Every structure is written in C-alpha cells, then in structure tokens.
Amino acid sequence: MAETVLALLDPAGGEPTLADPTAPVLRADDFGVVRGESVFETMRIAGGRARFVDAHLARLARSAQRLAIDLPPGWDRLAEVAAGAYAQPDGVLRLTCSKGPPGGAPVGFALASEIPAETIRGREQGVRAITLTLGVTAGVRATAPWLLGGVKATSYAINMATLRHAQAEGVEDAIWVSTDGEVLEAPTSTVAWVKDGRLVTPPAGEVALLPGTTLDVVLGLCPAPYEVRRGTVAELAEADEVLLLSSVRGVAPVTELDGRQLGTGPLTAQLRESFEAALSYS
Ligand SMILES: Cc1ncc(COP(=O)(O)O)c(C=O)c1O
C-alpha cells in the first residue's frame, strides 16, 4: 500500500509543499469544519498523473463561487505535485478548499491515496442499488440555489447517510429520485440508463445535479445515440441497462436495481472499457 501524500497550497501563490499526511491542516474554527463550507474534487490518478484536471478545476471554481469561497490560485500545480509525489501510478486525488476561519484566508490542500478495493470491485463487478427519495421535487433545486444542488461541497453527510441506508438494505449504492417521480443522481455518481440502444441521462443544469466530468467524457465516447433529458422512475424501472458514472470508480454497471436483475449490459461494458482507455491518453 502506497503512503498517502498530503500537499498544501501556498496561499501566497508559491510552490505547494508536501506535509505529513497525519498533520492537522485546519483550525477548529474553520467554516469548513463548523459549517461544512468547503468545496472538493475527487479525480483519478492514472499513469502517475491526475486526469481530466481542467474539468475538475472548472467545477471546483463554480462550487467555490456558490459557497462564497474566494478560491486561491495554484490548483493545477497542487494536483501535479501531489500526484507526482504519490508512489503508485494509479490512485485517488482529492482536492479540498475550506472557507477558512473568521477573517482568515481559505485553506487548500490535496490528498493522494489508494483507490479503495470496493471501488475497483464496483467498477469490475457492478453494484446493486435501490432508488431512494431525495425529498424534493425535480425542479426545486434549480429555482432555489441555496439548496446547493450541483455544488460539490463537503456537506456530504446526507450523501453518506444515503449510502449507509442503502448498505443497511443489503446493496452497495443508491439512486436518488424526486418526490414527483424523476430520476436525479446518485450520492457520489451520475446516473444513466439504456433503453432500446439509446443512452439517457438527466440534464444537470435544468435539474441542478452535479455536472459529472465522467459523464462528459463518456458522452464523447458513446457509440450509441444519447439523450440528455429528464426521465422518470418508471422509465428507469424498465431500462435495459443502468450505469453509475464517477471519476474514480469510472463506469459502474448497476447489476440489480430495486431487486430487479440487470447484469452488465453491452453498452455499459463498452463504455467502461473506453473510459478506462481514455484515462490513459487524456
Ligand atoms: C452527487 C454527485 N453526482 C455526480 C458525481 C460524478 O462526478 P464525476 O464524474 O465528475 O466524478 C459525483 C462525484 O463525486 C457526485 O458526488
């Protein structure tokens, strides 16, 4: 197992520094700690480099703006230094920017670590999932920006509680649905499905979902027609294939949804392979 790497962003714009990964980084009164006001990005390290960094940094900037975090510069270099110092060619790179203490500056850092075994298992063998309500209508988050739909903030306690609930129900993942019966997203991934050879995924902007960087890549690689449109739970229940997309796990087949066996469909398997290949030449 490779040592976790911690790299710290220099608020003065200098070169990032490596630090003991167990060293404390945040003050106890940092708004990221006391109010969950931090933003983050998680990306794949492949071949010793962080992948699709530009897309992740663009999203980090958008998330920071939504939380009124004055994002300092230097993230590109921070990602490069952390991924470069990590001893393995493959890993997870997590960038975090915390709002900082009252009157203080935001704090940025990067952690490079091992890809968890269950993440790789989910990619290779698929995940079982259940649909769970997010408790909102599909349209509300787009018209109520304070609900922070589409923002990657560290206020992910609801996302983690959703996953724990799914696990308690005996499956590995969950798909959030709206109270008016639309498919939204998963706690840590984008949802897509295949029906009659067409890939369908909900529109991130219109429904205020997190715009997935993996989805973007996958749509560019997709050999089949695709539709970015709102879809219902009933449609999902009749889909031929269901996929969960995220940077580190990649393309994960949903092999069972709400007790219905799906297995790994042919388009899912093809996209999984193309995405893994794209990681190496990005
Ligand atoms: C809520 C949510 N949706 C979608 C995604 C997928 O985003 P990406 O493909 O950029 O990893 C994530 C990733 O963490 C997420 O947390």
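User: Buried area is the accessible area (1.4 Å probe) that two parts lose on being put together, summed over both; what is the area buried between domain 1 and domain 2?

Analyst: This is a predicted model, in which local features need pLDDT of at least 70 and side-chain atom pairs count only at pLDDT 80 or more, while totals for chains, interfaces and linings use all residues. Residues are numbered from 1 along each chain as its sequence is written, and side-chain values use heavy atoms, with hydrogens and water left out. The assignment, whose bounds come from an automatic or database source, gives domain 1 as 5-115 and domain 2 as 118-281. Carbon and sulfur atoms give 61% of the area buried between the two domains, which is about 2,000 Å².

User: Which residues of domain 1 lose the most area to domain 2?

Analyst: Contact, meaning heavy atoms within 4.5 Å, links 22 residues of domain 1 with 27 residues of domain 2, although the domain centres, taken over C-alpha atoms, are separated by 25 Å. Three residues together account for 35% of what the domain 1 side buries, and they are R44, R59 and R66.

User: Which side chain meets that of R44 in a salt bridge?

Analyst: A salt bridge requires a side-chain nitrogen of Lys or Arg within 4 Å of a carboxyl oxygen of Asp or Glu, and the count between domain 1 and domain 2 is one. For R44 the N to O distance is 2.8 Å, and the partner is E276.

User: Is G108 buried or exposed?

Analyst: G108 has its place in strand β6 (residues 107-113), and, not counting residues up to four places away in sequence, touches L8, L9, W75, T96 and C97. Buried means under 20% relative accessible area, exposed over 50%, and partly exposed in between (1.4 Å probe, protein chains only). Because the relative accessible area of G108 is 4%, this residue is buried.

User: How many Å apart in space are G108 and L78, C-alpha to C-alpha?

Analyst: Along the sequence, G108 and L78 are 30 residues apart. In space, their C-alpha to C-alpha separation is 9.0 Å.

How values were computed:
Helix = DSSP H or I, 4+ residues; strand = E, 2+ residues; numbered from the N terminus.
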